[in-house]
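Subject: Structure handover and notes

Dear colleague,

I am passing on the structure we discussed, and my notes follow directly below it. Please read them with the model open beside you.

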Amino acid sequence: MGRVEFRGKRYIIDGEPVTIAGGTLQFFRVPADAWKDRLLKMREAGLNTVDTYVAWNWHEPEKGSFDFTGETHPQRDLVGFLELASELGFYVIIRPGPYICGEWRNGGIPDWLIDGHPEILAKGPNGPLPRDIYYPPITYLHPTYLKAVEEWYNAVFPVMKRYLHTRGGPIISVAIDDEPSYWETIFQPFLTDYNEIITKPGGLWERWLRENYTIEDLRRRYKGDFKDYSEIKVPTSFSEPLPKLFDWHHFKLWMINEYVHWIYEKMQREFDVPISILDPYLLQVAWRHFFSYMREHNLKIHVWTEFWYSFYRSSDFKEDKLGHIYYKTGIYRYHVKKAGTPPLSIETQSSLAHTIDPTEAELLYSILPPLGIPNINYYLFVGGENPTGYESHNGVTWDVYSPVGLDGSERPHFNVIKALSETMTSAEGLADAELRPKVAVGLYEPYEALNLWGYDGLEESTDLNEYLLGERGLFTLLAMSNTPFDAVDLEDATLDELLSYEQLWVYSLDFMSREVQDKLVEFVARGGNLVILPMLPRYDEDMEPYSALADFLGVEVERAKARKNPRLIQFLSVSAEGIDRMLVRNTVRGVKGGEPIAFLGEKPVGALVRKGRGSAVVLGFRLQYYTSHHDLHRKFVLKLKELQGVKEDFEVTNPDMIVLPIEGNGYAYLAVTNPRGHPVKGRIKYSGIEVPLLLESVEMRKRGTLYLPFGLRKEDTEIVYATATLVSWDGDVLTFRNHLSNSSEVALRGVGRVKVSGGEIVDESIGEILRIAVEHPGEYFEIELL
């Protein structure tokens, strides 16, 4: 029988490392007689894995009446689909819910269950919510719901179990539910859940309070004279103290954790392949609570993630999305590396857009591996349609520009997926190479909730989508300034982890916990370089006065309220040495103390402070991504890095060529990207090697990415560098791809002569290192080592 294990970033299947290249085909939405054709098209695209949901309400349309073999409808033949996938050599990832989302009726929850047991529905503060909303919200921990889920599992698990890879079948992973925070219980703080099992005396809310706080703690946090936990009611508006709102938020996360734990125990007893989950919360920084819960309860769950950037409109993934993807992959890397499980993007957008530009698709797909996610599943790879009565907010269609359409046609981004899948599953050492940034951004989890809620009770703006995460945010500025960065959780990270970076960027609001402020003080004292903006915290997590960080730095940031109304937000000009009138938005605060480095007119608004063995840059304004001829914002980032002695291992002569260096054991790949789409040319220097030498420059005529190998060895042969993507190294044949130019340069050591196919050598330099410049009319060329 087979084995499914994992090591590092990859799965180990039957002892062999496997990079997942997958696509979602929902068999229940595709005619059964087309399954084989669609799977063969997936194989043509270089995919080795098929992902599918199993919809509860589809297979149990009436209580107790199950169909897994297509007796009542051919598209209910789960058994036949699994056997076909196995016959064609695919691995299978299977997601049996109970909730599957999927733009499917009730997210898979049967109508007969909801109609017969309305008590399982989540409630608003004023009672029941409308029954006809597209995903009726369920109170997951309601005992009636859990009993029904157990009965569903008792029916479907035996079918799945027969097809586990460990029993000779194709299934290599089983998923828990699907995005269990999707019911909006988190995004809208007072929409749900006020179900009686939560709010009643002795209910879940009271239980959670008892397990986490003493009454004395709660008197201080909530500013009330409570004598018993039963007096503390659930919050219903922003008039409540902010710490209580955070507790309500964290209580909801705990309920999800408890629900996932319940499902995990059911699955663990039945399956000996990895048990996985997609984004336990549709948040990022809050993942800390899930990973912490997993450690405390010894849950061995593989956490997947997803990437969506345009719903029901034309695709939109250009350079101004890089900040968000750097941020999300950063916090995902942080947690998954500690968990020791392979990173996988199970829903990488390949559909649900009016059209998908193939160059934008490539930018999204190609940036994921160097950011730490070599395992990619494309959702929804094969388009389909909804059986009557099972549609949700999509009518009949479930083909919204999938790579393979409902009629079997191939759309332009099919070939993008094909090229990347071929490279990721065959390029020597590419999937194993690691990004090791010198810079990190420090994240403080409570701020994420304020941004979600649109909270307006602080001095500083909580609109982090504008100033930090979004298209014009700080993270996009860092990414486009050739500053690869990790994302670290300031509450979870140890001091030594923070000190492993040469520079730490922190976005601060009015408050920050005592523990985190003290940690940042120690970070600077022990030699760390901190950049903090656009203010310094004045309060702790209980909103009590606490300013240890500001006191240590000896810096005072002016008190001034940021504006919220976009029409009233001011545009101001900040200058620094070599920076003349850089645009900044919203309130700019004066900074007193330290060495002034930035000015609004004559007023210092930024300062450099050297304390202990480290330093801190304190800015009284927000840094955002605004590109222009003068390019002042990127220059300012480079200036701050220079002030604190941060130097990357690579250099580029063209700032619009964005580099991510990923390193293996004695070798590296440079992922070089043209994110803006206009033609760019430039030279690159990495670890003392400047390329190219024979050609004038690396040319990138359109949006896209090249994976350039450096120092890759096999026995006595070394690829010193190449300005094209290495697709494979098979014996004496090297296959390269350069789809962004028709000229490539390759440097080899330990090779005397070569033969080129698919192109011609137009220049060469013979010596210890053989360098050749190749003109190739197509994307691919081969070099045979003679």
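Asp580 counts as partly exposed, at 47% relative accessibility, where buried means under 20% relative accessible area, exposed over 50%, and partly exposed in between (1.4 Å probe, protein chains only). Its salt-bridge partner is Arg581, with the closest N and O atoms 2.9 Å apart, and Arg581 counts as exposed, at 57% relative accessibility. A salt bridge here is a side-chain nitrogen of Lys or Arg within 4 Å of a carboxyl oxygen of Asp or Glu.

Before going further, please keep in mind that this is a predicted model, in which local features need pLDDT of at least 70 and side-chain atom pairs count only at pLDDT 80 or more, while totals for chains, interfaces and linings use all residues. Residues are numbered from 1 along each chain as its sequence is written, and side-chain values use heavy atoms, with hydrogens and water left out.

The search of the whole structure finds 68 salt bridges. One of them joins the side chains of Asp37 and Arg38 at 2.6 Å, N to O; Asp37 is partly exposed, at 33% relative accessibility, whereas Arg38 is buried, with a relative accessible area of 7%. Another links Asp217 to Arg220, with 3.7 Å between the closest N and O atoms, and both residues lie in helix α8 (residues 215-222), 3 residues apart, which is about one turn of the helix. Helices (H or I, at least four residues) and strands (E, at least two) are DSSP runs, numbered from the N terminus. An α-helix has 3.6 residues a turn, so residues three or four places apart point the same way. Asp217 is partly exposed at 22% relative accessibility, and Arg220 is partly exposed at 38%. There is also a network of salt bridges that links Arg313, Asp316, Lys318, Asp320, Lys321, Glu360 and Glu471.

Helix α14 (residues 445-453) is mostly covered, with 8 of its 9 residues buried, including Tyr447, Leu450 and Trp453. What covers these buried residues includes α9 (242-268), α10 (287-297) and β19 (503-507), a cover that rests on contact, meaning heavy atoms within 4.5 Å. After α14 comes Gly454, whose phi is positive, near 70°.

Finally, some backbone details deserve a look. Most residues other than glycine have a negative phi, and most peptide bonds are trans. Cys101, however, has a positive phi, near 60°, and Glu103 has one near 50°. Cys101 lies in the loop between β6 (91-95) and α4 (111-116), and Glu103 is found in the loop between β6 and α4 as well. Cys101 is buried, with a relative accessible area of 5%, and Glu103 is buried, at 8%. A cis peptide bond joins Tyr379 and Leu380, with omega about 0°, and another joins Leu533 and Pro534, with omega about -10°.

With best wishes
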